[in-house]
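Could you walk me through the charged pairs and the helix packing in this model?

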Amino acid sequence: MYFFLVERQKSTVDIQECWPIFDIDRTIELCATLGVRHQYRGSFPTPFTIDFLITESVDDQLMYRAASIKTPEDAADPKVRQRLEVENRWCRERGIPWTLVDTSHFDRTLLSNLLFMRTWFRHHYDPNEDVESRFAESFRAIYATNVPLAALIEETAKVLRFPVPLAIDVFRYCAWSDRIAVSLKHPLSLNMPLVLRRTNNHA
């Protein structure tokens, strides 16, 4: 879920998962300072891994940020917190912002919605800014509450003279790229009414 949320952000350039800290001499020193046992495989120390190392474009400059993903239960474990502090300090020494992601709001609805939207990629839809701008404008003009999403898409397709299967994928991409500000807290399905956020700002 976190991968998808990061992937949707316009500033994201690259996402690396389970990124290893090969600066083992320094992580051993940090472990000694913090009273943490460094992991070994046999007689060889194994690197700490950061769950996500994300490259972002900020003011036309590439910046790194690190994120660790833990359940609320794991995040409350003192031993886990100590190991996370090693990651945090190593990143901080190198000017890389580090965050512990709060996963308490991650649920089946969020995952289902993200998968529903991202299907545009599996269907090999090729994004087109002009098509998406026209679709989003027409869709917002047609939008009404308590109307199944499929009916809204079909009506928009009729106005734009798009084949319905194409219109569905254009909608998915518009929702994915936040051109249409769908609520991720409510189920997203073709046979259910669509709930929009009150603002077009990215959630």
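Arg 94 is partly exposed, with a relative accessible area of 37%; the term covers values between buried (under 20%) and exposed (over 50%), using a 1.4 Å probe and protein chains only. Glu 93, at 40%, is partly exposed too. The side chains of Arg 94 and Glu 93 form a salt bridge, 3.1 Å from N to O. Here a salt bridge is a side-chain nitrogen of Lys or Arg within 4 Å of a carboxyl oxygen of Asp or Glu.

Before going further, a word on the ground rules. This is a predicted model, where local features need pLDDT of at least 70 and side-chain atom pairs count only at pLDDT 80 or more, while totals for chains, interfaces and linings use all residues. Residues are numbered from 1 along each chain as its sequence is written, and side-chain values use heavy atoms, leaving out hydrogens and water.

The structure holds 14 salt bridges, and the table lists some of them.

| Pair | Closest N and O atoms |
|---|---|
| Glu 85 and Arg 89 | 3.0 Å |
| Glu 129 and Arg 179 | 3.9 Å |

Glu 85 and Arg 89 sit four residues apart in helix 4 (residues 78–93), about one turn of the helix. Helices here are DSSP runs (H or I, at least four residues), numbered from the N terminus. Glu 85 has 23% relative accessibility and so counts as partly exposed; Arg 89 is also partly exposed, at 27%.

Glu 129 forms a salt bridge with Arg 179. This pair links distant parts of the chain, 50 residues apart: Glu 129 belongs to helix 6 (residues 129–142), and Arg 179 to the segment after helix 8 (164–176). With 58% relative accessibility, Glu 129 is exposed, whereas Arg 179, at 27%, is partly exposed. Elsewhere, salt bridges that share partners join Asp 23, Arg 26, Glu 29, Glu 93 and Arg 94 into one network.

Now to the packing of helices. How do helix 5 and helix 8 cross? Their axes, lines fitted to C-alpha atoms over the stretch in contact, come within 7 Å and cross at roughly 120°, with angles running from 0 to 180 degrees between N-to-C directions. Helix 5 and helix 8 are therefore oblique to each other, the class left over once angles under 35 degrees (roughly parallel), over 145 (roughly antiparallel) and 65 to 115 (roughly perpendicular) are set aside. Residues in contact (heavy atoms within 4.5 Å) include Leu 114 and Trp 120 in helix 5, and Phe 171 and Trp 176 in helix 8.

Technical notes:
Helix = DSSP H or I, 4+ residues; strand = E, 2+ residues; numbered from the N terminus.
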